[in-house]
Every structure is written in C-alpha cells, then in structure tokens.
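Let's take a walk through this model together, one region at a time. Have the sequence and the 3D view open as you read.

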Amino acid sequence: MRRIISILLENEPGALSRVVGLFSQRGYNIETLNVAPTEDATLSRLTLTTVGDDKTIEQITKQLNKLVDVVKLVDLTEGAHIERDMMLIKVRASGGAQRDEVKRTTDIFRGQIVDVGPNVYTIQLTGTGEKLDSFVAAMAEAEILEVVRSGVAGISRGEKVLRL
Amino acid sequence: MEMLSGGEMIARALEDEGVEFIFGYPGGAVLHIYDALFKASKVPHVLVRHEQAATHAADGYARATGKPGVVLVTSGPGATNAVTGIATAYMDSIPMVVLSGQVQSHLIGEDAFQECDMVGISRPIVKHSFMVRKPEDIPAMIKKAFHIATTGRPGPVVIDIPKDATRPDAKFEYHYPEAVKMRSYSPAQRGHTGQIKKAARMLLSAKRPVIYSGGGVVQGEASGLLTELAQSLNYPVTNTLMGLGAYPGTDRQFLGMLGMHGLYEANMAMHNADVILAVGARFDDRVTNTVSKFCPGAKVIHIDIDPTSISKTVQADIPIVGPVHSVLSDLMEQVSQMRKKDADLPDQPALERWWQQIDEWRGKHGLWTGRRYGENEHIKPQQVIESLYRATGGNAFVTSDVGQHQMFAAQYYRFNHPRRWINSGGLGTMGFGLPAAMGVKLAFPDADVACVTGEGSIQMNIQELSTCTQYNTPVKIINLRNNYLGMVKQWQDMQYEGRYAMSTYEDSLPDFVKLMEAYGHVGMQVRSLDELDAKMEEAFAMKDKVVFLDIFIDPMEHVYPMHVAPNGSMKDMWLSKNERT
Ligand SMILES: Cc1cc2nc3c(=O)[nH]c(=O)nc-3n(C[C@H](O)[C@H](O)[C@H](O)COP(=O)(O)OP(=O)(O)OC[C@H]3O[C@@H](n4cnc5c(N)ncnc54)[C@H](O)[C@@H]3O)c2cc1C
Ligand SMILES: Cc1ncc(C[n+]2csc(CCOP(=O)(O)OP(=O)(O)O)c2C)c(N)n1
Ligand SMILES: [Mg+2]
C-alpha cells in the first residue's frame with residue numbers, strides 16, 4: 001500500500017543523506033520526496049511516499065525513528081489527511097485549436113497557465129498525486145515538453161499536529 | 001575558564017570521559033591531536049600496525065569490559081582502513097567512538113591529498129556520526145558521541161575532524177558537559193507494564209518453554225537476572241553465538257548454542273517449543289533457518305531495546321521494548337506474584353515431560369554424551385578446544401577469528417561467564433581475533449587470553465604480533481591448522497562436490513614457529529594427540545610470552561550439527577557427513 005510519511009528532521013548537515021541512505025541500504029523504495037525548512041530554523045520537514053506491505057512499512061517507520069536526526073514522524077495515511085503535490089508542466093501549444101484544447105483541459109483540472117510563449121504553455125497544477133497523474137494522462141494528445149513535480153507534501157486534518 | 005586548542009580539547013575530553021586506552025595510528029590530518037596527546041594526555045595510546053587492528057582491539061576491549069572502545073585514525077587511507085572494524089562493531093552492537101582526521105575545512109570537496117568522505121563512507125555502518133564544523137563544539141560533540149555509543153542499543157559513532165579545527169594556535173574555552181540531553185534521541189528505559197504482565201502469564205502457561213537469549217543480555221549486564229529467572233522456573237536456556245556465557249555453559253538447564261551450527265537438543269527444543277522467550281536476540285538468519293518454517297507451534301515473547309529488532313524477521317506475539325535488565329526484573333516480579341497466587345504454575349508434569357524429551361535428544365545426539373572421536377590419526381579440532389578448556393579451567397577470555405575453528409570454540413568451550421567469548425558474529429570478520437585479544441589483554445593483564453584461529457584468518461592481521469611485543473600483551477594463539485580455508489572447504493564438500501576453488505594455499509604457508517621467533521615470541525608445533533595437553537599447559541605457563549600453538553588437526557573435519565539449507569527448518573540438520581535428522 002502507498003503511504004505518506006512525514007518527518008521532523010534536525011536541520012543538520014548530512015541528516016537528509018541518512019534518510020535517503022536508509023532507503024537504498026535496506027531496499028525500500030521512495031516514490032516522492034519533499035524537504036523544506038519549517039518555521040523553526042533548527043528543523044526541516046520531510047515528506048516521502050513509499051509503497052510496501054504492512055510489515056515493510058512498520059520496519060520503515062521503526063528504522064526512520066531510530067535515526068538520531070529524526071525527531072518525530074507520522075504516517076499520515078493512518079488518519080485523515082491532506083496531501084498536495086505541485087506540478088509545472090510545459091506543453092506544446094501552437095495553433096488556435098491546440099491552444100484552446102490545452103486551455104480547456106487546464107481549466108477542468110483547475111490549473112493555471114503561468115507562462116505563455118508563441119508555441120508553448122506552462123501550466124501549474126496542485127493536487128493529490130493522483131490528480132496530477134490524471135492531468136498528465138489527459139495531456140497525452142498534446143506534446144509534453146517537460147514535467148516537474150514537487151513531490152507530495154502532507155498534513156493531518158483537524159487538531160492533530162506534528163510538532164515538538 | 002581554561003583555554004585549549006581543538007587538539008588539546010580532544011585529548012582532555014577523552015581523559016574526562018574516563019577513557020583507558022586509545023587505539024590508533026598517526027598521519028598528517030591528526031598530527032595536531034597526536035601532539036596534544038603527547039604533551040598532556042594521561043590516556044595511554046596503543047600504536048597498532050594497521051588501522052583495522054585498532055578498531056578490532058578497541059572492540060575486543062569493549063566486549064570484555066563493557067566500556068566503549070576508542071580509536072584515532074588519520075584521514076583518507078587511515079579512515080578507510082578502519083571501516084571493516086567499524087562495520088564489525090556495528091553488526092554486533094559494540095560501543096565504540098572513532099575519531100578520524102579530515103583535510104582542512106577549506107579543502108573539503110576538492111579531492112585534496114588524503115581526502116575521503118568518511119561521514120559518507122561510514123554512514124550505513126555507524127549508529128551516528130558527527131563532523132566538526134566549529135572547534136568550540138568539540139567537547140559537547142565528544143560527550144554526545146560517547147552517550148550515543150553506549151546507551152540504548154550500543155554501536156560505533158564516528159567523529160570526523162578537519163585538521164584546522166585542531167590547530168594549536170586557536171584556543172577556546174574548555175568545558176566538558178556532565179550530561180547530555182538530545183530531543184531526538186531517548187532510548188526506552190522501562191518495558192511496558194501491561195506487556196510484561198501478559199508475558200509473565202504466557203511464560204507461566206507454557207508446557208514446552210525455551211528461553212532464547214542473545215548478545216543483548218551480555219551487553220545489558222543481565223546474565224545474573226536471566227540465570228535467576230531460568231533457574232527459578234526450571235526452564236531450558238539456549239544462547240546465540242553472541243549470547244554465550246550469559247547463562248552458565250556447564251549448567252544442566254543449558255542446551256548449548258542454537259542455530260546453523262547449534263546443538264541438536266537446542267534446535268530440537270526450539271522447533272518443538274510452545275513458548276519462546278527471546279531476550280536480547282535478533283532472530284538472525286543463522287539462527288532461524290527458513291523463517292516461514294520457524295518453530296511452527298511457538299508463541300514468541302520478544303524483549304529488545306531496539307524496536308527494529310522486533311518482528312523484523314519472526315513476528316513477535318508479545319513485543320516488549322526496553323533494556324533487558326529492567327524488563328527482566330519487572331518480569332520476574334510479575335512471575336513471582338502470579339506464582340504466589342497460583343502455586344501450580346507453571347505446569348510441573350508438563351515441564352517434567354519436556355525435560356525428559358530434551359534429555360532424550362541430548363542422549364541421542366548431544367555433543368557431551370555419546371559422540372566421541374575414536375581412533376584417529378589426526379587431532380580433532382574439538383579435542384583442541386576441550387584441551388584449551390582444561391588448561392584454562394574454563395575461565396579464559398577466548399577471542400576468535402572466523403571459520404570452522406570459531407564454531408568449534410563456540411560449541412566446545414563452555415563459557416560460564418559473560419564477556420569471556422569474544423568473536424565477530426554479525427559481520428564474520430576474519431582477522432578479528434588477534435587484535436581483539438590484544439585489547440582484552442590490555443584490559444585484563446592478569447587473565448588468560450586465548451585467540452582461537454585458523455591459518456587463514458591469522459594471516460589477515462598477523463602484523464599485530466609486533467604490537468604485542470611493543471605493549472607486552474602475552475596472548476596465546478591457538479591455531480587450528482587444517483591447511484584449508486576450512487569453512488569454505490566444508491561448503492565446497494557439501495554443495496560443490498569437493499571442488500576446492502581457492503580454498504587451499506598449496507605450499508605457501510609460512511613457518512609459523514620461525515615467524516613467531518622473528519617477532520620475539522614463542523612458537524610450537526603440535527602434531528599428535530599425546531602432546532596436546534602438555535603443550536597447551538606449557539603455553540599457558542609462559543605468562544609473559546606470546547605463544548603460538550600451531551596445532552595440526554584433521555583437515556577433513558566438518559562442523560556439525562549443520563542446518564539443512566535452503567528450505568530447511570530449525571529441526572533439519574546434518575549430524576555428520578552421512579546422518580540427517
Ligand atoms: C561462520 C558463522 C557461523 C554462525 N553460526 C551461528 C549459529 O549457528 N548460531 C548463532 O546463534 N549465530 C551464528 N552466527 C552469528 C550470527 O551471524 C549472528 O551474529 C548472531 O546469531 C546474532 O546474535 P544475537 O541474536 O544474540 O544478536 P546480537 O547481534 O548480539 O544483537 C543483540 C540484540 O540485543 C539487543 N540489545 C542490545 N543491548 C540490549 C539491552 N541492553 N537490552 C535489550 N536489548 C538489547 C540489540 O538491539 C539486538 O537486537 C554465525 C556467525 C558466523 C560468522
Ligand atoms: C575478511 C573475510 N574474508 C572472507 C571470509 C569468508 N570466510 C569465512 S570462513 C573462511 C575460511 C577461514 O579459514 P581459516 O581461518 O583457516 O579457518 P578454518 O575455517 O579453516 O577453521 C572464509 C574465507 C570472511 N569471513 N572474512
Ligand atoms: Mg584453516
């Protein structure tokens with residue numbers, strides 16, 4: 001099953017490589033990875049998605065917790081949560097019909113065209129990983145020039161928080 | 001406040017930490033540190049002949065004393081030479097602090113002379129690592145390193161130190177912290193009471209119980225408690241390779257080692273058990289054989305300080321995370337309360353039947369009953385270990401290398417105390433034995449220290465004979481000479497129709513007696529059984545000499561029992577070249 005694991009990590013040099021190294025060392029897979037600073041300068045927040053059976057996921061969370069640089073972690077998929085992935089996608093858009101088609105699909109997905117060239121559109125789209133996948137599939141007719149995604153970031157719904 | 005340079009702070013911090021020995025080797029990147037040690041330190045430094053040996057010596061010291069081993073090496077090749085020893089310590093959860101030199105900060109990343117990314121290279125084989133960014137952080141960093149290495153599940157910690165952080169002309173206020181608090185590191189102190197109650201109930205309801213204990217009981221100083229618990233219940237005990245000595249090896253309740261080369265009665269008892277109490281053991285693949293066939297009728301109670309050890313391979317029915325010492329004492333308390341309420345616990349008739357069964361297994365294929373060697377033109381390796389046992393009264397520290405000799409030592413030297421059996425189990429590092437023995441002998445100069453080895457393994461760190469001379473560490477080297485990489489040969493006999501691919505040395509072995517003499521030590525050959533005991537005693541009588549006994553043993557001997565693999569269970573064993581369970 002796909003899991004979203006969110007980690008508060010000491011903002012120390014080498015901390016990220018310990019997390020990433022753990023996955024390759026133990027043969028776990030990372031599908032997406034997102035890291036950025038938090039409001040607390042000593043901590044960064046890392047969110048990753050991975051796939052595995054319950055036993056593997058249990059080992060992954062235990063092994064992550066064991067890393068000295070990991071302060072806290074949560075498996076967001078265990079409860080109600082919000083997940084967001086952000087995509088910038090550049091597609092060929094030349095000629096009226098094609099430009100209209102791309103624009104229409106973008107609107108349906110509630111994306112925004114954030115840059116326009118004579119022959120290209122750059123579209124920004126935010127949503128679950130699944131939604132972004134569907135958008136890419138919907139663009140199959142158009143010529144996709146470039147895709148870049150932030151990787152999933154996530155947070156629990158309601159009162160539940162991941163903090164010190 | 002006192003002002004010290006980075007190098008001086010390192011020297012002082014090691015002193016303040018109570019370090020008894022530093023094992024190391026100098027080089028450019030650590031010269032400031034060495035100079036500071038030379039000028040001021042009260043901590044003796046042991047100059048090895050290869051950095052790998054520094055890590056193994058520190059490791060042997062740590063295993064024998066329970067205190068962390070300390071290593072100091074230079075950057076680049078010094079650091080990479082230490083890697084095997086760090087991995088060895090990591091796999092067996094041994095507390096160790098390794099200080100490695102690094103090129104100057106401004107050169108890092110430029111492929112500078114003797115630069116290598118030690119933090120990166122060692123990452124998967126350390127419990128944690130640090131890189132000094134500011135010299136003023138050194139004391140707190142060293143304190144943290146010792147704290148992490150020695151608490152929770154112990155392990156090696158690397159501190160990488162750029163040369164400029166140790167320069168003598170930059171001084172800083174020195175203060176060595178008394179304690180450490182880290183928000184991201186707090187190993188469990190107690191087991192969960194509810195789980196412990198459940199465990200006590202399950203343990204007392206057992207009809208065919210086995211206590212399976214490992215290295216964690218040795219590390220956690222809980223062999224006294226384990227013994228008390230087992231004896232108060234009259235339950236059988238088996239130990240892993242790492243756990244030997246945690247329960248008295250000569251006691252009737254002891255079934256011997258379990259696993260791939262475990263004793264018949266130990267493996268049979270495990271396979272037929274209804275309740276297994278696993279304490280500080282990690283269900284290694286050398287123990288379980290095929291996991292899906294592991295002990296089909298057993299419920300498992302698993303006590304371990306490290307949650308990742310629990311249900312990693314074998315699913316625990318009652319997991320208990322906590323230090324063995326406190327969990328075992330809580331468990332004993334619960335057990336005795338429950339027995340006060342119900343005097344019929346545990347089920348005595350069932351236990352009696354269980355012991356009858358175990359004794360029957362023992363009588364059939366046990367090492368100590370029945371099986372004897374008969375007439376043989378060669379000395380049997382098992383006889384050598386028995387002779388060693390007699391000559392040392394069963395009280396020696398025995399270090400070992402890796403191979404058949406290691407298994408014979410584990411099976412036949414009956415360790416009655418923890419920390420006396422010192423070997424590389426998890427990584428299986430040939431070359432471990434001699435440097436580890438040096439570390440032990442330095443810690444216990446009056447004790448008998450024997451290194452059981454093979455002619456293959458001993459040559460992997462034989463240069464340390466010179467260190468033994470310099471620091472007067474008169475260890476006894478018991479070379480079980482079969483003229484083969486015996487363990488490799490055994491597998492080739494069993495699985496490759498005796499094709500000995502690269503497991504022989506042809507005629508290239510050195511004359512070990514002459515070699516010993518060249519180093520100023522004593523070497524003796526033993527070629528027949530009649531002289532074995534006498535030479536063994538003679539060797540141990542030479543208290544202040546390193547003695548190498550080159551003992552010619554049966555080259556064709558195999559280690560048995562041996563698990564049938566792949567696809568076998570605990571009970572599937574080869575008992576000799578032509579008998580199978
Ligand atoms: C040639 C060869 C053959 C081998 N054959 C066998 C064999 O037949 N049988 C065998 O048993 N092994 C054998 N081994 C060794 C094997 O590879 C493993 O090293 C060994 O089985 C592991 O022992 P252990 O389970 O006691 O764990 P260890 O590696 O000693 O780990 C200790 C466990 O205890 C925990 N722990 C540590 N401190 C504490 C504490 N204070 N409180 C609570 N828990 C703690 C740790 O977290 C860890 O899970 C062989 C090795 C070699 C090289
Ligand atoms: C550094 C290292 N290289 C290779 C091995 C694989 N190996 C395990 S046992 C063994 C043979 C050891 O031979 P020897 O020391 O003579 O012991 P014997 O088995 O003959 O008693 C080898 C090569 C190892 N364990 N360690
Ligand atoms: Mg050999």
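Predicted model: local features only at pLDDT ≥ 70, side-chain atom pairs only at ≥ 80, totals over all residues.

In UniProt, an unreviewed entry lists residues 196–331 of chain B as "domain: Thiamine pyrophosphate enzyme central".

The domain assignment divides chain B into domain 1 (3–173), domain 2 (193–365) and domain 3 (381–556).

## Where domain 2 meets domain 3

Let's look at how these two parts of chain B are placed. The centres of domain 2 of chain B and domain 3 of chain B, taken over C-alpha atoms, are 32 Å apart. Contact between them involves 18 residues of domain 2 of chain B and 18 residues of domain 3 of chain B.

About 1500 Å² is buried between domain 2 of chain B and domain 3 of chain B, with carbon and sulfur atoms giving 59% of that area. Which residues of domain 2 of chain B lose the most area to domain 3 of chain B? They are Leu241(B), Leu244(B) and His261(B), and together they make up 35% of what the domain 2 side buries.

## Polar and charged links across the interface

Now for the polar side of the story. The rule finds seven residue pairs in polar contact across the interface of domain 2 of chain B and domain 3 of chain B, counting pairs with both residues at pLDDT 80 or more. By class, the domain 2 side that touches domain 3 of chain B has 10 nonpolar, six polar and two charged residues.

How many salt bridges are counted between domain 2 of chain B and domain 3 of chain B? The count is one salt bridge. Glu221(B) and Arg419(B) form a salt bridge, with 3.0 Å between their closest N and O atoms.

## The N-terminal stretch

UniProt, again in an unreviewed entry, lists residues 5–119 of chain B as "domain: Thiamine pyrophosphate enzyme N-terminal TPP-binding". This span is 46% helix and 17% strand, and its end C-alpha atoms lie 23 Å apart.

Over all chains, a search of the whole structure finds 38 salt bridges. One of these joins the side chains of Glu20(B) and Lys67(B), at 3.2 Å from N to O. The pair links distant parts of the chain, 47 residues apart. Glu20(B) sits in the loop between α1 (6–16) and β2 (22–24) of chain B, while Lys67(B) sits in the loop between α3 (51–65) and β4 (69–73) of chain B.

Notes: Residues numbered from 1 in each chain as written. Chains lettered and ligands numbered in written order. Heavy atoms only, no water. Domains from an automatic or database assignment. Contact = heavy atoms within 4.5 Å. Buried area = accessible area lost by both parts, 1.4 Å probe. Salt bridge = Lys/Arg side-chain N within 4 Å of Asp/Glu carboxyl O. Polar contact = N/O pair within 3.5 Å; in protein donor to acceptor, adjacent residues only side chain to side chain. Nonpolar A, V, L, I, M, F, W, Y, C, P; charged D, E, K, R; others polar. UniProt positions renumbered as here; feature names shortened; annotations may be inferred. Helix = DSSP H or I, 4+ residues; strand = E, 2+ residues; numbered from the N terminus.
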